[in-house]
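Subject: A structure for you to look at

Hello,

Here is the structure I promised to pass on to you. Please open it beside this message and follow along as you read.

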Amino acid sequence: FDANIAVDVIERERISVTGLPPTVIRMMLPQIRENPARLATLRVVAVSTESFPVPLKKEVMALLPQVRFHSFLGSSEAIVSELTPEEQITHPSSVGHPLPGVEVRIEDEQGNEVADGEAGELCVRAGPPGADAVMKCYFNNPEATAAAFAGGWYHTGDMARRDADGYLYVVDRKKDMVLS
C-alpha cells in the first residue's frame, strides 16, 4: 500500500465514498495533515477490519469535517455491528449496536450469558433481515464449524461487554492472532 498513491487517486478521481481500515487511515495521516483539502470530495468512509482507535478517529474527523464515518465490527465469518457518524462522537470507544437481524450474546467461559457491563466472549447469530450477516459453515470442515457454533451461536473470539444502552465494546481477543 502506498499512501501517496491512495491520496492521489482520491483527489484525482474525486472519490466521495470509500472503505478504509484504521491502519490505512493511519498510513495516510501525514498526507491528510499536510493538505486535508486534497480529500475534500470524500463524504462517507466505512471503517472496518479492526477497531477505530479513539485518538485516530478524533484527529481524522477534525481534519476531514465533511466526512461521515461509519465503523463496522466484523470478520470474515460475521458482520456484527455499526457505529453511526453521530455515535462516533457520543460513544467513540464503542463498536456500536448490532446490525438489524443480528443477535448478540456475551458469554463467560462456561457458556452462560453475562450481565451488562461484564466482559465475555462475543457470540452472534442472525436471522431475517440479517440472515447473511453470519456465515453458515466452514467449507468442508464440519469439525471447525461445530466448534465455532457451540450452542447455536458463532463464537467470534472477541472479548466484549455491552452497556445498559446496548452499545458494544471490544475489550480484548480471546485468542491471540497474527495479522499480516
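**A loop to start with**

Pro129 sits in the loop that runs between strand S7 (120–126) and helix H5 (142–148). Please keep in mind throughout that this is a predicted model. The peptide bond leading from Pro128 to Pro129 is cis, and its omega is near 0 degrees.

Asn140 also has its place in the loop between S7 and H5. Asn140 is not a glycine, and yet its phi is positive, at about 55 degrees. Is Asn140 buried or exposed? With a relative accessible area of 66%, Asn140 is exposed.

Asp132 and Lys136 form a salt bridge, with their closest N and O atoms 4.0 Å apart. Both Asp132 and Lys136 are exposed.

**The whole protein**

Now zoom out. How many helices and strands does the protein have? There are 5 helices and 9 strands. Starting at the N terminus, their order is α-β-α-β-α-β-β-α-β-β-β-α-β-β. The C-alpha atoms fill a box of roughly 50 × 40 × 30 Å along the principal axes.

Of the 180 residues in the protein, 41% are buried. The accessible surface is about 10,000 Å², and carbon and sulfur atoms account for 54% of that surface. If you take the contacts between residues at least 6 apart in sequence, 57% of them join residues at least 24 apart.

Which residues of H1 are buried? They are Ala3, Ala6, Val7 and Ile10. These four cover an arc of only 95 degrees around the axis, so they lie on the same side of H1.

Helix H2 is included in what covers the buried residues of H1. On the face turned away from the buried side of H1 you will find the exposed residues Ile5 and Arg12.

Arg14 has a phi near 55 degrees, which is a positive value in a residue other than glycine. Arg14 is exposed, as its relative accessible area is 61%. Apart from its neighbours within four places in sequence, Arg14 is in contact with Val9 and Thr41. Arg14 and Leu39 are 25 residues apart in sequence, while their C-alpha atoms are 8.1 Å apart in space.

**Charges and salt bridges**

The protein carries 17 positive and 26 negative side chains. The centres of these two sets lie 5 Å apart. In total, the structure holds 13 salt bridges.

One of them joins Glu11 and Arg38, with the closest N and O atoms 2.8 Å apart. Why does this pair tie together parts that are 27 residues apart in sequence? Because Glu11 lies in helix H1 (residues 3–13), whereas Arg38 lies in the loop between helix H2 (22–34) and strand S2 (44–47). Glu11 counts as partly exposed, at 37% relative accessibility. Arg38, at 19% relative accessibility, counts as buried, because buried means under 20%.

Another salt bridge brings together the side chains of Glu59 and Arg33, at 2.5 Å from N to O. This pair links distant parts of the chain: Glu59 is in helix H3 (residues 54–63) and Arg33 is in helix H2, 26 residues apart. Glu59 counts as partly exposed at 28% relative accessibility, and Arg33 counts as partly exposed at 47%.

**Where to click**

- The cis peptide bond from Pro128 to Pro129.
- Helix H1, where Ala3, Ala6, Val7 and Ile10 are buried and where the face turned away from them carries the exposed residues Ile5 and Arg12.
- The salt bridge between Glu11 and Arg38.

Happy exploring, and write back with any questions.

Best wishes

Technical notes
Residues numbered from 1 in each chain as written. Predicted model: local features only at pLDDT ≥ 70, side-chain atom pairs only at ≥ 80, totals over all residues. Heavy atoms only, no water. Helix = DSSP H or I, 4+ residues; strand = E, 2+ residues; numbered from the N terminus. Buried < 20%, exposed > 50% of the residue type's maximum accessible area, 1.4 Å probe, protein only. Contact = heavy atoms within 4.5 Å. Areas by Shrake-Rupley, 256 points an atom, 1.4 Å probe, with all protein chains shown as cover. Lys, Arg positive; Asp, Glu negative; His and termini not counted. Charge placed at Lys NZ, Arg CZ, Asp CG, Glu CD. Arc of directions from axis to C-beta.
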